[in-house]
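Here is a friendly walk through one protein model, feature by feature. Please keep the viewer open as you read.

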Amino acid sequence: MSTRIAFLKGHGTENDFVIVPDPENALDLPPATVAVLCDRRAGIGGDGLLHVVRSAEHPEARHMAEEAEWFMDYRNGDGSVAEMCGNGVRVFARYLQRAGHVTEGDLAVATRGGVKTVHIAKNGDVTVGMGKALLPEGDVTVSVGDRSWPARNVNMGNPHAVAFVDDLAHAGDLHSPPPFSPAAAYPSGVNVEFVVDRGPHHVAMRVHERGAGETRSCGTGACAVAVAAARRDGTDPAATGSPATYTVDVPGGTLVITERTDGEIEMTGPAVIVAEGEIDADWLENAGR
């Protein structure tokens with residue numbers, strides 16, 4: 001192993017990530033190491049880590065290698081593995097562009113949530129095809145302190161509970177996961193979004209992400225919110241025959257979500273690389289011990 005390992009830092013609407021290029025999947029990144037890298041005091045700091053690997057070199061992605069050359073091996077800030085991260089895909093694509101692996105236009109990115117189509121626009125925005133939402137049946141409730149709300153169960157490759165509230169302050173500090181019921185609805189935990197209306201087809205949200213706490217943005221969460229809002233507002237594209245587009249304000253910026261009549265969802269927003277550097281390999285080897 002070389003004595004230094006390249007990394008970059010990037011964000012999408014202030015959902016920030018440590019980016020570790022590793023095309024040949026040569027690095028050992030156990031959960032404790034990832035957690036230290038994402039620690040804002042002991043490490044580089046980020047809501048999560050984007051491990052950049054060629055699909056053919058990763059056992060979880062080899063079956064997608066013919067469709068997508070690159071695999072986003074995404075980890076939450078606590079080191080746990082996640083199926084998908086919408087803001088992460090945009091930043092992942094921006095890294096591939098910066099590194100010269102891709103140019104403006106269309107590309108495919110492999111994730112644990114499947115292959116995602118991405119478009120890098122000339123104006124700098126990145127659009128990600130997020131796939132279709134699944135809407136599991138059954139009532140779900142989320143709580144903060146003495147308050148509780150009904151929530152819409154939306155799966156975007158990872159699980160979400162979307163609650164419409166009167167005031168975003170009602171979500172509390174979101175340092176710990178908001179309680180939910182029934183427990184069987186989310187056996188592996190859930191991302192919880194609290195949502196208020198800002199205007200026609202315009203909402204704002206706060207989110208507690210599994211393994212990361214409150215983040216400045218959550219791409220899959222914004223998609224789940226748009227889907228839940230469309231069902232609440234009676235603008236389900238499958239029923240109306242017209243696409244539904246929602247502007248979703250997050251603490252770190254704004255995302256635009258469109259659900260097409262075939263159920264496919266597209267998310268558009270910025271993606272920025274802010275720094276690059278090197279990790280000391282000796283420190284990394286001992287990180288988290």
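Thr13 counts as buried, because its relative accessibility is 3% and buried means under 20% relative accessible area, with exposed over 50% and partly exposed in between (1.4 Å probe, protein chains only). Thr13 sits in the loop between strand E1 (4–12) and E2; helices (H or I, at least four residues) and strands (E, at least two) are DSSP runs, numbered from the N terminus. Its phi is near 45 degrees, a positive value in a residue other than glycine.

His201 also has a positive phi, near 55 degrees, and is not a glycine. This histidine, His201, belongs to the loop between E12 and strand E13 (202–209). At 32% relative accessibility, His201 counts as partly exposed.

## How to read the model

This is a predicted model, in which local features need pLDDT of at least 70 and side-chain atom pairs count only at pLDDT 80 or more, while totals for chains, interfaces and linings use all residues. Residues are numbered from 1 along each chain as its sequence is written, and side-chain values use heavy atoms, leaving out hydrogens and water.

Helix H1 covers residues 31–38, and its Thr33, Val34, Val36, Leu37 and Cys38 are buried. Those buried residues pack against strands E2 (15–21), E3 (48–54), E4 (70–76) and E18 (272–280), as well as helix H5 (281–286); contact here means heavy atoms within 4.5 Å.

Is helix H2 mostly covered or mostly open? H2 is mostly covered, with 11 of its 13 residues buried; among them are Arg90, Phe92, Arg94 and Tyr95. The helix runs over residues 86–98 and should span 18 Å at 1.5 Å a residue, which agrees with the 19 Å between its end C-alpha atoms. That expected span is 1.5 Å times one less than the number of residues. Just after H2, Gly100 takes a positive phi of about 85 degrees.

## Val128 and its neighbours

Val128 is in strand E7 (residues 126–132) and counts as buried at 0% relative accessibility. Leaving aside residues up to four places away in sequence, Val128 touches Gly86, Val89, Arg90, Lys116, Thr117, Val118, Ile265, Glu266 and Met267.

## Aromatic pairs and a cis peptide

The whole structure contains three aromatic pairs. Rings of Phe, Tyr and Trp (its six-membered ring) pair if their centres lie within 6.5 Å; planes under 30 degrees apart count as stacked, over 60 as edge-to-face and the rest as tilted. One of the pairs is Phe17 with Tyr74, whose centres are 5.9 Å apart and whose planes meet at 75 degrees, so this pair is edge-to-face. Phe17 lies in strand E2 and Tyr74 in strand E4, so the pair ties together parts that are 57 residues apart in sequence. Both Phe17 and Tyr74 are buried.

Phe180 and Tyr186 also form an edge-to-face pair, at 5.2 Å centre to centre and 85 degrees between the planes. Phe180 is partly exposed, with a relative accessible area of 25%, whereas Tyr186 counts as buried at 4%. A cis peptide bond joins Ser181 and Pro182, with omega about -5 degrees. Pro182 lies in the loop between strand E11 (180–181) and strand E12 (191–199).
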